[in-house]
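Please open the model in your viewer and keep the selection tool at hand.

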Amino acid sequence: MTSVPRLVIAAPSSGSGKTTVATGLMAALTARGLAVSPHKVGPDYIDPGYHALATGRVGRNLDAYLCGPELVGPLFAHGARGCDIAVVEGVMGLYDGAAGEGELASTAQVAKLLRAPVVLVVDASSQSRSVAALVHGFVSFDPEVRIGGVILNKVGSDRHEALLREALDSVGVPVLGVLRRAAPVETPSRHLGLVPVAERGALAVEAVAAMAAQVAGGCDLAALVALARSAGPLAGAGWDAGEALVSSPPPPLPLPSPGALPPDSRSALDGPRPQAPDGLVDAGRPVRVAVAGGAAFTFSYSEHAELLTAAGAEVVVFDPLRDEELPEGTAGLVVGGGFPEVYASELSANEGLRKSVAELALSGAPVAAECAGLLYLCRDLDGLPMCGVLDASARMSERLTLGYRDAVAVSDSALAGAGTRMRGHEFHRTVVEPGAGSAPAWGMRGPERRVEGFVERGVHASYLHTHWASEPGVARRFVERCRTS
C-alpha cells in the first residue's frame, strides 16, 4: 500500500507545454524542500533526464504496453518510496495510446491505474470561450479519469486570461495556473526530440531553472499539492528487483529451427511459449557487467541495472567517448540507446575501445545491444569505422521508424531463449544493412511479419528497446551466461 500524494500532468495534444509544466513543477516543489518522485508515461528516455535534474532523483518510466498494466502501480511505488509527492508527466494527448489498442499505454490509463488526479495543460494561444468546450470534452470523455484542474499556457494578456477564466467557470474545473506567452525555455530539439541532459551540461541546468521559475510564478503550488494529496491509497507492494527475479517465470526451452521467417520460425511467431524447469539465481561470485553511458548512450531504464545487480552483477558504467578500454575484468557488456550518429567521429576515433569491444564480443562473452548499441557494433556508421563486431553497415535515414512492437525471440541468445515473448519500442532515423543476420534477434508479430537484429556468439543486437521489468529472466540469463562464458 502506498499513499504518496501524486499528480498526472497531461494535455490535449503534444506541444501543449506539459514537459515545461511537469519539469518546472518538479523543480519548484523540490526547491521548497519536498522530496519529489519523477515519472514519465511511455517509453521516452529524454524527458526523464530533465526530471532527474529537476528533482535529484532517478526519472522512471511507466509504460503499460512495455511492462503491462499490472506493473504500473508496483513500478510507481518503487520509484516513489520515501518521497513526499510524485509528479507524472503524460505522453502525447491524454487519451492517446498504443495504435489500435484502445486506451492501452495512454496517460489516461496510467492515471486510472494510479488513482491519480490529472492536471490538464491547455495551449490557450488561439482561443477564448472555446476552451470551455475543449476542457468539457476531456472531462466527460471518460468519467473514470478525474481532471482536477487546468493550467492555461501561452495566455496573451490580462483580458485574455479573464475571458478564459470566465469560460471555464461554466465547466466547473478550477484554473490552477496561468502561464503567459514568453520566449520559450531553451530546450533545443533534433531528429529524435529534445537534446538529452547529458549533452547540455550547464545549459540544461539553466533550462530547468527557467521552467521552475515559470511554474512557480504562474501556478498555485499550494493548490496543486492539495490536489495531489487527494489521491487515494494505492494497493499493492512496490516493485523489487530481487523479488522479481525469484518470482519471474523460467526461461523457455529453445524452439526447433530458430532463425529466419517463413517457414523456419513460423512456430516461434505463432506457437505457445514452451517452458523449462525453474532455477534459482546463482548466488556465486559477482561478475562485472560494463554498461555504456556518457553523452552518446543516454537511453537506459534504471530497472535494468537494478535487475543486473540483483542477479549478481557488479554494474560498472563507462563512457565510449572517453574511456579507451573496457573496465578491467568485464565479463559482459550492455550498450543501450542514444545518439551514436551525432558522435560518430569521436566514437570512431576511439580505436582502443573499439578494439576492446570487438575482442570481448569475439571471445563469446555476452553482449546486449539496443538501437544505438546495434549501430556501434556495426562495421561502420555513415562511412566511419565502428567496432566491426557485426558484418553490417549503418547510416542515417530521412525516415523515422517509431512505434510499439510485439516481438518473439527467434534465436537462442545470451539475453533471451528462443520463444521468449517481449513487447518493445522502435525509435530511430537510421538504417542497418542487412537488417538481420542469419540468426535474427527478434521476429515481429502482427502485420509486419519481419525479423530483425543479430545473434552471433554471445551477441544479441537489435533496434528493439525493451523494458526488462516485464521479463526479469533476461537479466538472470545474461548474468548466468557472464559466469559461464
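Select serine 37 and histidine 39, whose side chains are joined by a polar contact of 2.7 Å (a pair of N or O atoms within 3.5 Å, where within protein one must be able to donate a hydrogen and the other to accept it, and residues adjacent in sequence count only if both atoms are side-chain atoms). This is a predicted model, in which local features need pLDDT of at least 70 and side-chain atom pairs count only at pLDDT 80 or more, while totals for chains, interfaces and linings use all residues. Residues are numbered from 1 along each chain as its sequence is written, and side-chain values use heavy atoms, with hydrogens and water left out.

Stay on serine 37, which is buried, with a relative accessible area of 1% (buried means under 20%, exposed over 50%, partly exposed in between, with a 1.4 Å probe and protein chains only). Leaving aside neighbours within four places in sequence, serine 37 is in contact with residues including Arg57, Cys83 and Val87 (contact means heavy atoms within 4.5 Å).

Next, select strand E2, where serine 37 lies (strands are DSSP runs of E with at least two residues, helices runs of H or I with at least four, numbered from the N terminus). Strand E2 (residues 36–41) runs parallel to E3 and is joined to E3 by 3 bridges; lysine 40 has asparagine 61 in E3 as its bridge partner.

Finally, show the open sheet of 7 strands, ordered E3-E2-E4-E1-E5-E6-E7 with parallel pairing (two strands pair if DSSP finds at least two bridges between them). At the edges, strand E3 (60–62) and strand E7 (175–180) each pair on one side only.
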